[in-house]
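Please read it with the structure open.

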Amino acid sequence: MKVKMTKKERKAVLVKAWNYKWLYIMLLPVILYYVVFKYVPMYGITIAFKDYNVFKGVFGSEWCGFDVFRKIFGSKNFWLSVRNTLLLNLLTLAVSFPLTIIVSLMLNEVINVRFKKVIQSVLYLPHFISWVVVAGIASNLFSEQDGTVNMMLMSLGAKAIPFLGEEGWWIFTYVLCNVWKEIGWGTIIYLAALTSVDETLYEAAYLDGATKFQRIIYVTLPSIKSVVVTMLILQISKMMTIGLDAPLLLGNKRVMGVSEVISTYTYRLGIESAKYSDSTAIGLFQSLINIIILLAADKFAKAIGEEGII
Amino acid sequence: MIDRKLTVGKIINYILLVLIAFVCLYPFLNVLAYSVSGYNAVLSGRVTFYPIDFTMEAYKQILGKTQIWRAMSTTVQVTLIGTALSLVLTTFAAYALSQDDLPGRKIITGFILFTMYFGGGLIPTFLVVKGVGLYDTLGALFIPQSVNVFNFIVMRTFFKNLPESLSEAARIDGASYMQILVKIVLPLSLPIIATMGLFYAVGYWNTYFDALLYIQNPDKYTLQLRLRGLLFGEELNSAGNLEGVGMQVMTQSLKMATVLVSTLPILVVYPWLQKYFVKGVMVGSVKG
């Protein structure tokens, strides 16, 4: 009797799966894509523990334990790239995070719908521009000899500023370009959260004699607190990652001491110097740190009573 | 609405917002002004907000360059084919995995989401792309990055929120999932498809690093790669140096004209899709 049931059940499962055949067919190319381009490379990480030899390939190269990691952790350039990654990310976050919230609050106060729409369109635009173009524009504006900004400064009698050619100023320019590019885009999430703030709270505060500013501090901000916390945690969990485009395109030989971040370093090491094992080991180190930060941030969010991010 | 009257604070707020918008827009104005100014004006650094000694010379030169045209056509191809492929794959995956009763749904979803947190990294991926024979082909610019996990989540959330009654009625009438997707779900999903299409297309259009990594043959250079060469040396600088100062100054206008030409498609498409993508980002922010 029991055996019969399972047979029946098994048949039922098969029939059910057959009903879903189109869904599985739809999933097939995507699964194939993920296996080939995401999971096979994960196997390739093994070369971080091998002495990679071009002729022997990923499979044939000799294992060497943690030799590659020992070499990397002893390298000055590696730690420099870690420091620069954290430095640039932290500074960008410190400027862009509060500014994004402030601009969102400012936009939220606008009653004229058309005015708001136009301003939003303009603010979102830079998000869609490639880093090559941003770097081109930046060099036109900030070049020391003939950049527009320096031309204006000099016509006012000031000295030209090496925005792109001196390490301190380069960091300033890098942060500026990032903020310029993403600040408008970042407001979308906050504006969405702001539309759901309870209108009656404002009315109550207004009747109690709260000023506009007090209403923002005591009503608006607490209402979007959970979005703010979630966004902050998401940003912090990306601290160890900087896309390659911005530092590679804005950077130049004179500012390498601050513009060389982990991604550009793995690129130069791996592609330009063909040190596959070293580059892969750094990538693995970065991924692991990312996961640790992510898990910690998620734990923290849950501990303070917010929704997690995973 | 409690207070509709114009206060000092409100006026300051409006003025500040206009200033911020101006800061966002000014770099584009600067580029435009440079691209259509005469070269004496550019040389003396007088160009700031508006063109001086208006000329279209830079555009004539840029549009006469076969390299630019070829790069443009390469980029258009990659963008169109890549976006189509991405949309099909993402829609299929998102629709299939939005069905709550599909056996194995959780495992497959986890399998996809995991790649958001962990990956092989630069070199292992590079070796795979090389290994499957995509190196130095245009396919390397869209096949290895055809599905974006974030976009997948956004679409799946959208499909999940569609009213179920319509699909259910069609199921009872004996329609297959493919028929339901094509005939019922897709017509209801145009806003999200437009949004995803914009995100993918902009991504492909702006791709610089993948082209740098995978393309060797200069005939297959994409617009961004070509642009980078024009902006920061490699090609025009050497030519400019040979032909003296006049030529070199011309390059500054030429550079900015190229910047505008290569950004124009985005600037043209952008306003039409704007009303959609805000919604798309918001759907994505709601965790699925």
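**Notes on the two chains**

1. Start with a loop. A:Ala274 sits in the loop between α15 (262-272) and α16 (276-303) of chain A. Helices here are DSSP runs of H or I with at least four residues, strands are E runs of at least two, and both are numbered from the N terminus. Phi of A:Ala274 is near 55°, a positive value in a residue other than glycine. Most residues other than glycine have a negative phi. A:Ala274 counts as exposed, because its relative accessibility is 52%. The cut-offs are these: buried is under 20% relative accessible area, exposed is over 50%, and partly exposed is in between (1.4 Å probe, protein chains only).

2. A word on the source. This is a predicted model, where local features need pLDDT of at least 70 and side-chain atom pairs count only at pLDDT 80 or more, while totals for chains, interfaces and linings use all residues. Residues are numbered from 1 along each chain as its sequence is written, chains are lettered from A and ligands numbered from 1 in the order in which they are written, and side-chain values use heavy atoms, with hydrogens and water left out.

3. B:Asp136 is not a glycine, yet its phi is positive, at about 60°. Look for B:Asp136 in the loop between α6 (122-131) and α7 (149-160) of chain B. Is B:Asp136 buried or exposed? B:Asp136 is buried, with a relative accessible area of 17%.

4. Now chain A as a whole. Chain A has 16 helices and two strands. Its radius of gyration is 26 Å, whereas a compact globule of 310 residues would have one near 19 Å. That radius is taken over C-alpha atoms, and the globule rule is 2.2 Å times the number of residues to the power 0.38. The C-alpha atoms fill a box of roughly 80 × 60 × 35 Å along the principal axes. Of the 310 residues, 50% count as buried.

5. One strand residue deserves a look. A:Asp51 belongs to strand β1 (residues 50-51) of chain A. A:Asp51 counts as exposed, at 53% relative accessibility. Leaving aside neighbours within four places in sequence, A:Asp51 is in contact (heavy atoms within 4.5 Å) with A:Ser61, A:Glu62, A:Cys64 and A:Ser277. A:Asp51 and A:Ser277 are 226 residues apart in sequence, but their C-alpha atoms are 6.7 Å apart.

6. Chain B is built from helices. There are 14 helices and zero strands. Of its 288 residues, 52% are buried. Among contacts between residues at least 6 apart in sequence, 70% join residues at least 24 apart.

7. Check one helix pair inside chain B. Helix α8 (residues 164-172) and helix α9 (residues 177-188) of chain B pack at an angle of about 150°, with axes 10 Å apart. Axes are lines fitted to C-alpha atoms, for helices over the stretch in contact, and angles run from 0 to 180 degrees between N-to-C directions. α8(B) and α9(B) are therefore roughly antiparallel. Angles under 35 degrees count as roughly parallel, over 145 as roughly antiparallel, 65 to 115 as roughly perpendicular and the rest as oblique.

8. Finally, a pair across the chains. Helix α7 (residues 131-142) of chain A and helix α12 (residues 223-231) of chain B pack at about 15°, with axes 9 Å apart. That makes α7(A) roughly parallel to α12(B). A:Val132, A:Val133 and A:Gly136 in α7(A) meet B:Gln224, B:Leu227, B:Arg228 and B:Leu231 in α12(B).
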